[in-house]
Amino acid sequence: MSSKRDRLEIINDMLSIIRDKGDRIKPTQIMYKANLSHQMLNDYMAELITKEFIIEKKDKAGKRTYTLTDKGYNFLKDYQMIRNFMQSYGLSE
Amino acid sequence: MTTGYLSPTWFYGYDVVLEFIFAIIAFTIAGFAWRIYRISSQDSAKYLSLSFLLISLSYIAQSVFNLLFISKLNENISVTSKISWAIILDQLGFYFHMILFILGLAVLLFMTFKTTKERSFLILIALTLVALLVYESIFFKYYLLASIYLGFIAWYFIENFIASKNPKAFLISLAFTLLFFGYFNFFLAINNEMFYAVGHFLELAAYVLILVNFYLVLKK
């Protein structure tokens, strides 16, 4: 994983991790696998929920898990296309 | 002096069609960049979208007023009335196009600075408008300023291609280099109207490259 990722790459990494874990993953697992600080995790998770890329669920013990929505799957499908467009215009931050 | 005086008579009508095509291509890029901004919240995508939207609107204004200009010339009215209408429509088209296009370029230039400081953005817009609208020779200043902005924007895209070695980045760098030469041709059209048509053809080549890049992006 690159040390200098832009927002789009971080979003892609997080969504890929959620998908690869079979759509039921705890926030701490996302934080370690995506190499994020606690603050960054909270910010990005809030953003992903607001953008309806993921939904939050609570199990019987009250622990939070996350699942990809159709919009999240579509993002992963279109990621390379979006990345190509951004690279051609030098849009990384 | 505005665009109507620069265009060779055989080119009347063709310029309207070309400007409309440029508007559609620029609007498509603006829409896609906006979609990326909605997903990523990256400011650079927002500025790219805004700049192409302004550029698209500038071509729509130019196309519509050029069409009205040609329609008035063909109307069965007195020569005096025809001339006064033509002057008004030609000048309106030029001013609308000029302000929207140069603002679009200023936003695109700001994107290349890779800064989010609002003050930098506002000073660039303010200086652009002041340079353009204060004092005389607006026509000369517009094409000179647009050429300078396009030169710096092309420089950024060439650097982006050199850094990324991405063939798609090459298409965009070539497109903006052609736009730069296209605008330089408009500047030369003051002395020879043929350069006005050449400028449009260079613009057409540039927008075709932008469209080809977009097709390759969608093709994955």
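Which residues line the second largest pocket? Select A:Lys51, A:Phe53, A:Lys71, A:Asn74, A:Phe75, A:Asp78, A:Ile82, B:Arg35, B:Arg38 and B:Ile39, which together form that lining. A pocket here is found on a 1 Å grid over the protein atoms alone, as an open set of points where a 1.4 Å probe fits, with protein on both sides within 12 Å along at least five of seven lines, and a lining residue has an atom within 4 Å of a point.

Before going on, note that this is a predicted model, in which local features need pLDDT of at least 70 and side-chain atom pairs count only at pLDDT 80 or more, while totals for chains, interfaces and linings use all residues. Residues are numbered from 1 along each chain as its sequence is written, chains are lettered from A and ligands numbered from 1 in the order in which they are written, and side-chain values use heavy atoms, with hydrogens and water left out.

The second largest pocket holds about 190 Å³ of space, a volume being the space filled by probe spheres set on grid points that are joined across faces, edges and corners. Colour H4 of chain A next, because it gives the most to this lining, with 5 residues, helices being DSSP runs of H or I with at least four residues, numbered from the N terminus.

Now select the contact between the chains, meaning heavy atoms within 4.5 Å, which takes 22 residues from chain A and 30 residues from chain B. Chain A and chain B bury about 2200 Å² between them, 60% of it on carbon and sulfur atoms; buried area is the accessible area (1.4 Å probe) that two parts lose on being put together, summed over both. Show A:Met81, A:Phe85 and A:Tyr89, which supply 33% of the area that chain A buries against chain B, more than any other three residues.

Then zoom in on B:Arg35 and A:Asp78, whose closest N and O atoms are 2.9 Å apart in a salt bridge, that is, a side-chain nitrogen of Lys or Arg within 4 Å of a carboxyl oxygen of Asp or Glu.

Finally, select A:Glu47 and A:Arg7, whose side chains meet in a salt bridge (2.2 Å, N to O). A:Glu47 lies in helix H3 (residues 38–50) of chain A and A:Arg7 in helix H1 of chain A, so this pair ties together parts that are 40 residues apart in sequence.

Terms used
Helix = DSSP H or I, 4+ residues; strand = E, 2+ residues; numbered from the N terminus.
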